[in-house]
Amino acid sequence: MSKRVALIGSGNAFFKDEGIGLYGAKYIKENYDFDKEQLEIVDGGTLGFKLMPLLQEFDEVIIINTASDEDKQAGEISIKTTDEFLDGSLVKKTANEVEIAEMLQICSMAEHMANTTVISIVPEDIISVEVGLTPALKAAWSKYIETSVDALEKCGVAMEKREPQQLSLEAILDIFANPSIEHQRGF
């Protein structure tokens with residue numbers, strides 16, 4: 001049996017760059033074909049501790065989000081295991097960053113925890129109340145998606161990009177800015 005993998009898009013779409021994890025998960029969900037029995041894509045939003053059961057149920061978990069880092073430029077991407085993510089150097093500027101870190105700390109003490117990878121991008125603006133991305137994060141968008149897809153493939157998930165593209169980044173931003181039942185309220 002193949003590994004069960006979860007991709008969790010985490011963040012808050014109402015605070016500019018903070019929503020990029022949500023947009024990335026939605027983009028992959030809409031623009032790639034994959035085995036839905038093997039990969040579950042989750043709108044993690046700002047659920048924090050409510051995501052803990054996923055770390056118990058799956059073999060591999062990839063969380064995509066933002067992570068503040070004053071030593072890096074906006075748009076820089078990092079890939080960290082749980083241990084690396086929790087090494088104490090993480091700057092936590094948002095409630096979501098704090099909750100993800102605390103959730104990983106608690107779950108790391110459990111009998112079973114999925115192999116967890118956190119793919120983070122340094123935000124430029126997590127203060128403005130606006131659905132959108134700054135130019136720095138838009139410029140890094142393709143690399144952010146490629147990094148996320150590569151991580152899924154390393155977990156054994158076969159991914160194939162749909163042609164033509166189903167939803168662009170701009171269309172996804174519009175869906176999150178104007179949530180409706182038709183678009184499952186964004187995700």
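A salt bridge here is a side-chain nitrogen of Lys or Arg within 4 Å of a carboxyl oxygen of Asp or Glu. By that criterion the side chains of Glu60 and Lys3 form a salt bridge, with an N to O distance of 3.1 Å. The model is predicted, and a search of the whole structure returns five salt bridges.

**Overall architecture**

- The protein chain contains six helices and seven strands.
- Read from the N terminus, its elements follow the order β-α-β-β-α-β-β-α-α-β-α-β-α.
- The chain has 187 residues, and buried residues account for 51% of them.
- Of the contacts between residues at least 6 apart in sequence, 81% join residues at least 24 apart.

- Helix H1 covers residues 20–31; its 12 residues reach 16 Å from the first C-alpha to the last, close to the 16 Å expected at 1.5 Å a residue.
- H1 is largely enclosed by the rest of the structure, because 10 of its 12 residues are buried.
- The buried residues of H1 include Ile20, Tyr23, Lys26 and Tyr27.
- Which residues does Ile172 touch, not counting those up to four places away in sequence? They are Tyr23, Lys26, Tyr27 and Leu167.
- Ile172 belongs to helix H6, residues 169–177, and is buried because its relative accessibility is 0%, where the cut-off is under 20%.
- Between Ile172 and Lys26 the C-alpha to C-alpha distance is 7.4 Å, although 146 residues separate the two in sequence.

**Thr66 in strand S4**

- Thr66 is part of strand S4, which spans residues 60–66.
- Is Thr66 buried or exposed? Its relative accessibility is 2%, so Thr66 counts as buried.
- The side chain of Thr66 makes a polar contact of 3.1 Å with the side chain of Glu18.
- Beyond its neighbours within four places in sequence, Thr66 has contacts with Asp17, Glu18, Ile20, Glu97, Ser120, Ile121 and Pro123.
- Among these partners of Thr66, Ile20 is one of the buried residues of H1.

**Salt bridges between separate parts of the chain**

Side chains of opposite charge can pair when their charged atoms come close.

- Glu60 and Lys3, joined by a salt bridge of 3.1 Å, lie in strand S4 and in the segment before S1, so the pair ties together parts that are 57 residues apart in sequence.
- Glu60 counts as buried because its relative accessibility is 9%, whereas Lys3 is partly exposed, with a relative accessible area of 38%.
- Glu130 and Lys16 form a salt bridge through their side chains, also with 3.1 Å from N to O.
- This second pair links distant parts of the chain, 114 residues apart: Glu130 is in the loop between strand S6 (115–121) and helix H5 (135–154), and Lys16 is in the loop between S1 and H1.
- The relative accessibility of Glu130 is 39%, so Glu130 counts as partly exposed; Lys16, at 12%, counts as buried.
- In the salt bridge between Lys138 and Glu170, the closest N and O atoms are 3.2 Å apart.
- Lys138 lies in helix H5 and Glu170 in helix H6, so this pair ties together parts that are 32 residues apart in sequence.
- Lys138 counts as partly exposed at 37% relative accessibility, and Glu170 is partly exposed with a relative accessible area of 47%.

**Nonpolar surface patch**

- Which residues form a nonpolar patch on the surface? Phe14, Phe15 and Val129 do, and together they have about 310 Å² of accessible area.
- Phe15 sits in the loop between strand S1 (5–10) and helix H1.
- Phe15 is partly exposed because its relative accessibility is 31%, a value in the range between under 20% for buried and over 50% for exposed.
- The loop between S1 and H1 that holds Phe15 also holds Lys16, which is buried and pairs with Glu130.

Terms used
Residues numbered from 1 in each chain as written. Predicted model: local features only at pLDDT ≥ 70, side-chain atom pairs only at ≥ 80, totals over all residues. Heavy atoms only, no water. Patch = residues over 30% accessible without salt bridge, like charges linked within 9 Å, V, L, I, M, F, W, Y side chains within 5 Å. Areas by Shrake-Rupley, 256 points an atom, 1.4 Å probe, with all protein chains shown as cover. Helix = DSSP H or I, 4+ residues; strand = E, 2+ residues; numbered from the N terminus. Buried < 20%, exposed > 50% of the residue type's maximum accessible area, 1.4 Å probe, protein only. Polar contact = N/O pair within 3.5 Å; in protein donor to acceptor, adjacent residues only side chain to side chain. Contact = heavy atoms within 4.5 Å. Expected span 1.5 Å × (residues − 1).
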